[in-house]
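User: I am new to this structure and would like to understand the terms as we go. Could you take me through it?
Analyst: Gladly; here it is.

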Amino acid sequence: MPNNHADTQMVTHNSDISVNDSAFDPVALFAWYDRHGRDLPWRHRWPALAPAYHVWLSEIMLQQTVVATVIPYFLDFTRRWPDVTALASAPLDDVLAAWAGLGYYARARNLHKAANKVAFELGGIFPADVGGLRDLPGIGPYTAGAISAIAFGQHSTVVDGNIERVLARQYAVTTPLPAAKVEISAIYAAIRPDQRPSDFPQALMDFANAVCTVKAPGCSSCPLATSCIAGRQGTAASFPVKTAKKPKPARRGIAFVAFDAEGRCLLVKRPDKGLLGGMLAFPSVGWDHRAPDSVASLDDAPFAADWVILDDPVQHVFTHFALDMQVAVTRLDTGISPDLPDGIDANWVTPRAADLPSLMRKVLKAVQPHYP
Ligand code: SF4
């Protein structure tokens, strides 16, 4: 990947240095990045800066989601909605449907809110500074730093989990995460060069992803080995130090999959607020604590029928709990739709995995061998 930047040969550091950073070599990092950095659809190389709309969209999609999953969603979003005003003008339901499968759906609702704010209150222009960006829905300190550095070339602090790992190893940070975040941010600010501010965090992320990996760091051929304490000590695998995680609490629930005589399924639109808010889903109970007293049994079915519970529950992990979802299935052969409870926003539709959130895709997959 050709990229010749004369300024990589003479790199100066941010003057506010609070750690001993004399050994860290941004020139070596940039040289590695110029040869091995990923070409991503939202990425530009210094001195070109990527459009803020693209950087923002990709950063929101990348929260909790890997690059390979994000790429087709990013391309689809930017094809449908080429700029922030187009996205803001789209109905929220269209945005949620396009987001289906990416998970963490609050992100999509915040994305739409933030697009509205930028398009209709800020004249279609994203703020360049961290403070202004943090005023937008769904943008925390990391995302604000990333957008201001990558889209605007600002010298902000950008520390995600990948950068944390590289710096914790380089400086053998023994404080466990998450307490170490402050220390690692200070290291980042101290070693951040003045040159190529948009490339620096992206180079570190790619380097972490390709060389300083979680399980098999390539210390023997690492271009940053000279400055790396953990690499020299052979202790890379011990960093970053993490506070032991508590196991996630377990929840149970039942999803009800009803087929009509034409092979359509009963799908509901979930309430806008809460888990899988606003998404299409099979009727389900017990797991989302909307009815905490429910014991999640067949008595909770949306209508009386011959329900059969499949042997194997579907398993799904949310950020704050692990779910065992039983799947109850029935087929109505009469051609007569049953009465549904009042207030339920439901329709008989041919289910398409692409329209469903990940949990409900798993439910659909579980029933298909039995009810193709
Ligand atoms: S020497 Fe090893 S631990 Fe250190 S930065 Fe390189 S790959 Fe990572």
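Analyst: The chain is divided into domain 1 (6–238) and domain 2 (250–367), with bounds that come from an automatic or database domain assignment. This is a predicted model, in which local features need pLDDT of at least 70 and side-chain atom pairs count only at pLDDT 80 or more, while totals for chains, interfaces and linings use all residues. Residues are numbered from 1 along each chain as its sequence is written, and side-chain values use heavy atoms, with hydrogens and water left out.

User: How many residues does each domain bring to the contact?
Analyst: Domain 1 gives 9 residues and domain 2 gives 14 residues. Contact here means heavy atoms within 4.5 Å. The centres of the two domains, taken over C-alpha atoms, are 37 Å apart.

User: What area do domain 1 and domain 2 bury between them?
Analyst: The size of an interface is often given as the accessible area lost when the parts come together. Buried area is the accessible area (1.4 Å probe) that two parts lose on being put together, summed over both. For domain 1 and domain 2 this comes to about 800 Å², with 52% of it on carbon and sulfur atoms. On the domain 1 side, Ala100, Tyr105 and Arg109 supply 49% of the area buried against domain 2, more than any other three residues.

User: What makes Lys269 and Asp93 a salt bridge?
Analyst: The rule asks for a side-chain nitrogen of Lys or Arg within 4 Å of a carboxyl oxygen of Asp or Glu. The closest N and O atoms of Lys269 and Asp93 are 3.8 Å apart, so the pair meets that rule. Across the interface of domain 1 and domain 2, the rule finds 1 salt bridge.

User: Which helix gives the largest share of the side of domain 1 that touches domain 2?
Analyst: Helix 5 (residues 92–99) does, with 3 residues. Helices (H or I, at least four residues) and strands (E, at least two) are DSSP runs, numbered from the N terminus. That side of domain 1 divides into 6 nonpolar, 1 polar and 2 charged residues. In this scheme Ala, Val, Leu, Ile, Met, Phe, Trp, Tyr, Cys and Pro count as nonpolar, Asp, Glu, Lys and Arg as charged, and the others, Gly among them, as polar.

**Single residues**

User: Why is Ser148 called buried?
Analyst: Buried means under 20% relative accessible area, exposed over 50%, and partly exposed in between (1.4 Å probe, protein chains only). Ser148 has a relative accessible area of 1%, so it counts as buried. Ser148 sits in helix 8 (residues 141–150). Leaving aside neighbours within four places in sequence, Ser148 is in contact with Ala128, Val130, Leu133, Gly153, Gln154 and Ser156. A polar atom of the Ser148 side chain also lies 3.2 Å from the backbone oxygen of Gly145.

User: How do you know whether Leu224 is buried or exposed?
Analyst: Its relative accessibility is 2%, and therefore Leu224 is buried by the cut-off. Leu224 is placed in the loop between helix 11 (199–210) and helix 12. Beyond its neighbours within four places in sequence, Leu224 has contacts that include Phe24, Asp25 and Phe207.

User: How many helices and strands does the chain have?
Analyst: The chain has 13 helices and 8 strands, and buried residues make up 48% of its 372 residues.

Conventions
A polar contact is a pair of N or O atoms within 3.5 Å; within protein, one must be able to donate a hydrogen and the other to accept it, and residues adjacent in sequence count only if both atoms are side-chain atoms.
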